[in-house]
Structures are given as C-alpha cells and as structure tokens.
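Please read the text alongside the sequence and the structure shown below.

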Amino acid sequence: MSSQPRSRWRSAAPARPEWRDILLGFLGGTLGIGVLAWLALQSSVPLLIASFGASCVLLFAAHNAPLAQPRNVIGGHVLTTFIGLAAINLLGDSLWVCALATGLGIAAMQALRVVHPPAGGNPLMITLAGMHSWTFLVTPVLAGAVILVVIAWLLHRLRRHPVRWPVYWY
C-alpha cells in the first residue's frame with residue numbers, strides 16, 4: 001500500500017455560485033429553450049436541437065468562459081453542422097462517417113478558434129439522424145444559436161444594473 005495520502009485523488013468542490021447567478025442560470029435556460037420552442041411553434045420551423053441545451057449551460061452558467069462567447073457559440077455550431085452535412089452528403093451515413101465528421105468538427109473548431117463543446121455533437125446528430133438537408137444549417141442551427149446569444153446578451157445586461165438604485169433626495 002502506498003504511503004502517500006489519498007487526498008491527492010480528491011479535490012474540493014468548486015465554490016457555490018451566488019443565488020443571483022443560480023437564478024440567472026435558471027432564468028436563462030428557461031428563456032433560451034422556451035423562446036426557441038415558442039418561435040418553433042409559431043413559425044412551424046424547427047429551432048430546437050439537443051446541443052442547444054448544453055449551449056445554455058455555458059451561456060447562462062459559465063458566461064465568462066471563452067467557450068461561451070458569441071464567436072464560439074455561433075461559429076462552433078455553424079462550422080460543425082457544415083462539416084456534418086458535408087460528410088453525410090459526400091460519404092454517406094455510416095458509423096465511420098459519424099466518427100470522421102466529429103473529429104473533423106473538433107479539429108476545425110480548434111483551427112478557427114471557435115471551440116464550443118456542445119457543437120461537437122452536431123456532426124454526430126446529423127449523421128445518426130440521416131439529416132441531408134442544407135437548410136438545417138440555417139434553421140435550426142444558425143437561427144437558434146443567434147437567438148440564444150441574443151437572449152444571453154440581454155439577460156447578462158441585467159448584471160450591470162446596480163443592486164441599489166441611487167436616490168437623489170436632497
């Protein structure tokens with residue numbers, strides 16, 4: 001048995017966010033997916049994909065992270081979707097195409113500095129679902145990513161408001 005303490009295998013949990021941040025995360029996720037769902041129902045245009053749920057985690061709970069910046073969210077989703085659609089249309093929908101498209105998506109996001117982990121699932125989703133239509137790139141992917149970024153921007157503007165409003169009673 002090793003004489004080294006077992007504590008090196010354990011790490012402390014990160015600090016709990018403030019309740020205001022937790023509430024904004026809840027509100028952001030609810031608004032983000034809710035607005036996309038409502039718009040989809042009103043327009044009969046699909047705007048929801050599973051990876052947007054994971055994007056909401058970054059946009060509303062880790063908004064300062066480089067992976068949550070608008071360039072990464074929009075660029076990552078559009079780029080990996082393009083790669084997934086190109087792969088399925090050129091190579092078919094086999095499992096090796098899933099793997100190849102996912103790997104190419106990751107490499108392309110790194111090369112273009114738009115890494116957004118939830119977008120890494122887009123090529124996999126496209127090839128597993130047999131999605132061949134290039135319109136998928138515009139709706140739901142581009143439109144949905146832009147809408148989520150706009151909602152995040154609006155919601156995070158609330159953070160800049162003072163906790164206490166100055167009162168100028170003299």
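Arg 113 sits in the loop between α4 and α5, where helices are DSSP runs (H or I, at least four residues; strands are E, at least two) numbered from the N terminus. The phi of Arg 113 is near 60°, a positive value in a residue other than glycine. With a relative accessible area of 63%, Arg 113 is exposed; exposed means over 50%, buried under 20%, and partly exposed in between (1.4 Å probe, protein chains only).

The model is predicted, so local features need pLDDT of at least 70 and side-chain atom pairs count only at pLDDT 80 or more, while totals for chains, interfaces and linings use all residues. Residues are numbered from 1 along each chain as its sequence is written, and side-chain values use heavy atoms, with hydrogens and water left out.

**Loops**

Ser 44 is in the loop between α1 and α2. Although Ser 44 is not a glycine, its phi is positive, about 60°. Ser 44 is exposed, with a relative accessible area of 66%.

His 116 lies in the loop between α4 (95-111) and α5. At 0% relative accessibility, His 116 counts as buried. A polar atom of the His 116 side chain lies 2.8 Å from the backbone oxygen of Leu 67. Residues up to four places away in sequence aside, His 116 touches Ser 55, Leu 58, Leu 67, Asn 72, Val 73, Gly 76, His 77 and Met 109; contact means heavy atoms within 4.5 Å.

The relative accessibilities of several residues are listed here.

| Residue | Relative accessibility | State |
|---|---|---|
| Cys 56 | 6% | buried |
| Cys 98 | 4% | buried |
| His 116 | 0% | buried |
| Asn 122 | 0% | buried |

**Overall fold**

The secondary structure of the protein chain comprises 6 helices and 0 strands, and along the sequence the pattern reads α-α-α-α-α-α. Of the 170 residues of the protein chain, 32% count as buried. Among contacts in the protein chain with a separation of 6 or more, 78% are between residues 24 or more positions apart. The protein chain exposes about 10,900 Å², of which carbon and sulfur atoms supply 69%; these accessible areas come from the Shrake-Rupley method with a 1.4 Å probe, and for residues only the protein chains shown count as cover. The structure holds 0 disulfides, a disulfide being a pair of cysteine sulfur atoms within 2.5 Å.

**Helices**

Helix α1 (residues 19-43) has 25 residues and reaches 35 Å from its first C-alpha to its last, close to the expected 36 Å; the expected span is 1.5 Å times one less than the number of residues. Leu 24, Gly 28, Gly 32, Leu 36 and Ala 40 are buried in α1. These buried residues of α1 pack against α2 (50-61) and α6 (135-157).

Helix α2 has 12 residues and reaches 17 Å between its first and last C-alpha, close to the 16 Å expected. Its buried residues are Ser 51, Phe 52, Ser 55, Cys 56, Leu 58, Leu 59 and Phe 60. The cover over the buried residues of α2 includes α1, α3 (70-91), α5 and α6.

Asn 122 belongs to helix α5 (residues 122-129). The side chain of Asn 122 makes a polar contact of 2.8 Å with that of Ser 51 and one of 2.9 Å with that of His 77. A polar contact is a pair of N or O atoms within 3.5 Å; within protein, one must be able to donate a hydrogen and the other to accept it, and residues adjacent in sequence count only if both atoms are side-chain atoms. Leaving aside neighbours within four places in sequence, Asn 122 is in contact with Ile 49, Ser 51, His 77, Thr 80 and Thr 81.

Pro 140 is found in helix α6. The peptide bond from Thr 139 to Pro 140 is cis, with omega near 20°.

**Nonpolar cores**

A nonpolar core is a set of buried Ala, Val, Leu, Ile, Met, Phe, Trp, Tyr and Cys residues joined through side-chain atoms within 4.5 Å. The largest such core has 22 residues, and those with the most contacts inside it are Phe 52, Leu 59, Phe 60, Phe 136 and Leu 148. The elements α1, α2, α3 and α6 each give two or more residues to this core, and the largest share, 9 residues, comes from α6. A second, separate core of 9 residues includes Ile 83, Ala 101, Ala 108 and Met 109.
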